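Morning, everyone. Please have a look at the screen.

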Amino acid sequence: MTKSFAIISMALVLLTACANTGKPRMPEEERNRYDSTLTQVQELERTLDGIHLAGLSEQRKLWDARQELHYDYNPMDMDSTAIALCQQLKDRTQAVRSAIDVAMQDIVKNQVLVVMEKDDYLMEAIESFPVYLHKGDVLKFNIYMEKPCDVRIYNADSRSMVKSYIGRTTIEDSLPIKNKAIYLVEVNPRTTQYASLDIVYSAPTVERYMHPQLVKTEIVEGKKGGFRVLSAKGIDMRNIFDEPRSFTLRSQFKSVFSGNSRAVVALQIPKGATDVMYNLRISTSEQARNADGKFYDNMSTSYRKIRFLGLPLYESQRGIGLLSQLLDDNRPLREEDVYCDMYVFADPAQARRFQNGEPTSALRYNVDYSTMGTQSCNGRIPTQGLRTIYLGFENARMRYTTYIWIEAVAAIPVTEYFQAEYTVVDMPL
């Protein structure tokens with residue numbers, strides 16, 4: 001502060017002298033550079049006063065401004081007063097840079113960068129906390145659990161475990177970093193329990209502290225046996241029809257003279273399928289729509305959107321929760337006042353009798369998944385080990401012809417493999 005005060009006092013003396021002898025002579029370009037630098041220096045001096053109490057964002061801004069602060073001048077076409085002023089500003093600029101260096105070095109010695117801080121945190125499953133570390137950094141972790149847990153630290157780049165703690169309730173330790181890489185702190189609670197997690201690291205240089213980098217995590221498909229690959233139950237979808245099955249159902253009155261008010265569609269079930277999902281569009285017009293034939297693609301797209309959310313994808317009862325969600329995302333538009341009856345048959349003989357016009361009261365069909373008076377809809381039918389399921393459709397209306405489009409997709413349970421993919425990104429200001 002004494003040196004800065006002396007410089008400021010000298011500048012005031014010279015400015016007073018200038019007021020008495022006239023304005024210092026310097027080229028316009030030099031004057032603009034002088035004025036701009038003086039403004040920057042004054043702003044940095046004000047910021048520097050409270051920098052120890054500021055947050056990392058403000059500290060970074062000050063450090064970046066210090067890196068960009070440079071001043072020199074060309075004495076040509078200047079009088080002695082102007083030269084003295086420019087030299088004083090050059091010295092003052094260097095003094096501010098040095099003062100910021102000292103302040104930042106002091107901050108770095110006493111600060112850490114946070115990876116994860118959680119108290120009274122309920123853990124139900126294994127969680128991993130990634131951090132990008134440089135050689136010379138020190139990873140520090142304090143982990144407190146109600147019951148024994150396992151903690152493992154991995155170098156994700158070399159795909160190796162560097163440290164582990166098995167069956168511990170308290171872990172207070174640090175790890176000097178020998179290689180620049182992405183590291184993972186994996187906490188396995190073994191059972192649902194509360195935890196206190198304090199994972200931080202110290203950086204040895206000002207530049208490293210001021211510009212930490214974050215790790216972006218994305219869940220991608222993995223291969224069985226790969227590094228930290230997780231498995232989950234999922235589904236493989238198979239399109240049952242190459243294109244939508246469409247047909248015309250005459251009204252009850254018109255079918256007496258020509259055509260038929262009933263139709264049967266056979267669904268060939270792929271091996272291993274546990275469910276069939278269908279999309280039924282019912283219309284008063286025989287004109288096709290752009291959405292026809294896209295049920296399989298739309299279902300596949302919906303599945304890709306949710307399959308990486310970390311949810312139990314294929315639930316214990318044939319994945320009903322997942323399949324219902326997929327169907328909800330892809331419901332067809334309904335037309336008012338148009339409907340039909342749909343019957344589900346497991347026995348081809350029963351389906352044939354339906355096609356031949358026998359009363360449905362005399363037939364055996366699946367009551368749970370058949371629908372009477374349905375409008376356009378989608379739904380799910382469990383295969384129950386069948387290789388073929390027959391859908392029977394009837395136009396129950398007396399006067400109006402009905403047009404039907406049916407698409408179907410089979411769901412086959414599979415084991416899918418996932419892994420985390422890590423990318424280092426700069427921390428935003």
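What follows is a short tour of selected features.

First, the ground rules. This is a predicted model: local features need pLDDT of at least 70, side-chain atom pairs count only at pLDDT 80 or more, and totals for chains, interfaces and linings use all residues. Residues are numbered from 1 along each chain as its sequence is written, and side-chain values use heavy atoms, with hydrogens and water left out.

Start with strand E3, residues 138–155. Helices (H or I, at least four residues) and strands (E, at least two) are DSSP runs, numbered from the N terminus. Two strands pair if DSSP finds at least two bridges between them. E3 pairs with E4, residues 160–176, antiparallel, over 14 bridges. In that pairing, Arg152 sits opposite Ser164. The E3–E4 hairpin has 4 residues between the strands, and Arg159 there takes a positive phi near 55°.

Strand E6, residues 193–202, pairs with E3 in the antiparallel sense over 8 bridges. Leu139 faces Tyr201 of E6. Strand E5, residues 181–188, is also antiparallel to E3, over 6 bridges. There, Asp150 stands opposite Asn188.

Now helices. H6 covers residues 295–306. Which of its residues are buried? Phe295, Met299, Ser300, Ser302, Tyr303 and Ile306. Buried means under 20% relative accessible area, with a 1.4 Å probe and protein chains only. Seen down the axis, the buried residues of H6 fall within an arc of 160°, so they line one face of the helix. That arc is taken from the directions from the helix axis to the C-beta atoms.

Next, H8, residues 348–355, where Gln350, Ala351 and Phe354 are buried. Their arc is within 100°, so they too line one face. They pack against strands E10 (262–268), E12 (340–345) and E15 (388–394), where contact means heavy atoms within 4.5 Å. At the start of H8, a side-chain oxygen of Asp347 comes to within 2.9 Å of the backbone nitrogen of Ala349. After H8 comes Gly357, with a positive phi near 95°.

Last, cysteines. How many disulfides does a search of the whole structure find? The count is 0. A disulfide here is a pair of cysteine sulfur atoms within 2.5 Å. For Cys340, the nearest cysteine sulfur belongs to Cys377, 8.0 Å away. Cys340 is buried, at 0% relative accessibility. Cys149 is buried as well, with a relative accessible area of 0%.

Technical notes:
The expected span of a helix is 1.5 Å times one less than its number of residues. Buried means under 20% relative accessible area, exposed over 50%, partly exposed in between (1.4 Å probe, protein chains only). A polar contact is a pair of N or O atoms within 3.5 Å; within protein, one must be able to donate a hydrogen and the other to accept it, and residues adjacent in sequence count only if both atoms are side-chain atoms.
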